[in-house]
Amino acid sequence: MKLSKVSVEEDERNKRQAFIDTPNFFLHNHKLCNYKGFWLPENVVTNVELLRDGFTPRPTDVFIASHPKCGTTWLKGLAFAALNRTNYSPLTSTPHPLLTLNPHECVPFLEVTLQGMNLSYVESMSSPRLLSFHLPPSMLPTSINDAFSNCRIIYVCRETKDVFTSSWHFYQTLMESVGMKSPLSDDFFESFCGGRVPYGPIWEHVLEYWRESQQKPGKVLFLRYEEMIEDPRRILKMIAQFMGCEFSKEEENMGLVDKLVELCGFNRLSNIEENKNELIINENIKIKKSLYFRKGLVGDWANLLTPEMAQRLDEITREKFNGSGLNF
Ligand code: A3P
């Protein structure tokens, strides 16, 4: 089934029109639309509704979930490498897909059509499938979110100031690359704080997954970018265990875990020639693959934010996460 074949009800569409905002930082004329409390690109809202009716999860499916700029690309690489290590082992001479494909091409987004990878592509994938979305749990098809469906979700979040910084650079570079002057700065900061960025507000996004992971620990694995940076080896092993393909002692002794961490490391992935070229998202959007690799550091916000901006984001984060048991 192709996403475009299913129609969206007209009155629902009209209802949403009332909430459409046109923040002037946003790209390619894709308006943001407030849908169930989150700001989504308009085309994504349509796809969310199509997924609800048209997507059938398999019990073996694993989903990578995140708010944009939290380390999605890296997590996709690690999970893909772990899940497919029998067919593609860095300990053999078999060429690894991650040396010629961007992680986003190995693990397709469900709600964003990427290089023609629509639902029919996803349906043709063999099990176990590794798929992804930026959607919050409340927006997932019930078939995925259902505690009894057995499919699993790995979520990665990141410290808010660094997410803002990474997003700022991403949209800035993206707009420049399509010849648009970027009026980011203050507008973008205000939009971010108000949650009016793609898939925002980030705080609610993180909180929804945090609660899911507390209630259903076998279904949702909650990770932080900072702990991936601190100990990628431990996180890779944790991811493999969660996906049901734990590393054996023998594999560890052979150095497989270290090799996979190295394969997905920032320096390695960002220097692969394939990761520097254009990646076509759909007919309207072309994103250079190199945009997904910038610095890969913790705390780079200090090079962009004023002390006042940093304080404001910290205050919002403290207030929103208060009482949740979640802190950074
Ligand atoms: P920075 O902009 O702070 O450098 P996403 O994949 O969700 O879009 O997140 C992008 C962020 O993850 C960017 O952060 C990018 O540099 C970082 N990143 C990408 N690949 C990485 C890797 N292999 N290791 C560490 N960070 C990585």
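Let's start at I144, which you'll find in helix α6, residues 142–145. Helices here are DSSP runs of H or I with at least four residues, strands are runs of E with at least two, and both are numbered from the N terminus. I144 has a relative accessible area of 0%, so it counts as buried (under 20%; exposed means over 50%, partly exposed in between, using a 1.4 Å probe and protein chains only). Leaving out residues up to four places away in sequence, I144 touches F55, P57, F63, L110, F133, S149, C151, I153 and K219; contact means heavy atoms within 4.5 Å. Now find V62: it is 82 residues from I144 in sequence, and the two are 10.0 Å apart in space, C-alpha to C-alpha.

A quick word on what you're looking at: this is a predicted model, where local features need pLDDT of at least 70 and side-chain atom pairs count only at pLDDT 80 or more, while totals for chains, interfaces and linings use all residues. Residues are numbered from 1 along each chain as its sequence is written, and side-chain values use heavy atoms, with hydrogens and water left out.

Next, move to N150, in the loop between α6 and β5. Its phi is near 75 degrees, a positive value in a residue other than glycine. Y199, in the loop between α8 and α9, also isn't a glycine and has a positive phi of about 75 degrees. Are these two buried or exposed? N150 is exposed, with a relative accessible area of 52%, whereas Y199 is buried at 4%.

Now for some rings. The structure holds 15 aromatic pairs, meaning rings of Phe, Tyr and Trp (its six-membered ring) with centres within 6.5 Å; planes under 30 degrees apart count as stacked, over 60 as edge-to-face and the rest as tilted. Y155 and Y209 make a stacked pair, 4.1 Å centre to centre with 15 degrees between the planes. Why is this pair worth a look? Y155 lies in strand β5 (152–157) and Y209 in helix α9 (202–215), so the pair ties together parts that are 54 residues apart in sequence. Both tyrosines are buried.

Charges can sit over rings too: NZ of Lys or CZ of Arg must be within 6 Å of the ring centre and within 35 degrees of the ring normal. R158 does this over the face of Y225, at 4.0 Å from the ring centre, and the charged end of K161 sits over W301, 4.6 Å from its ring centre.
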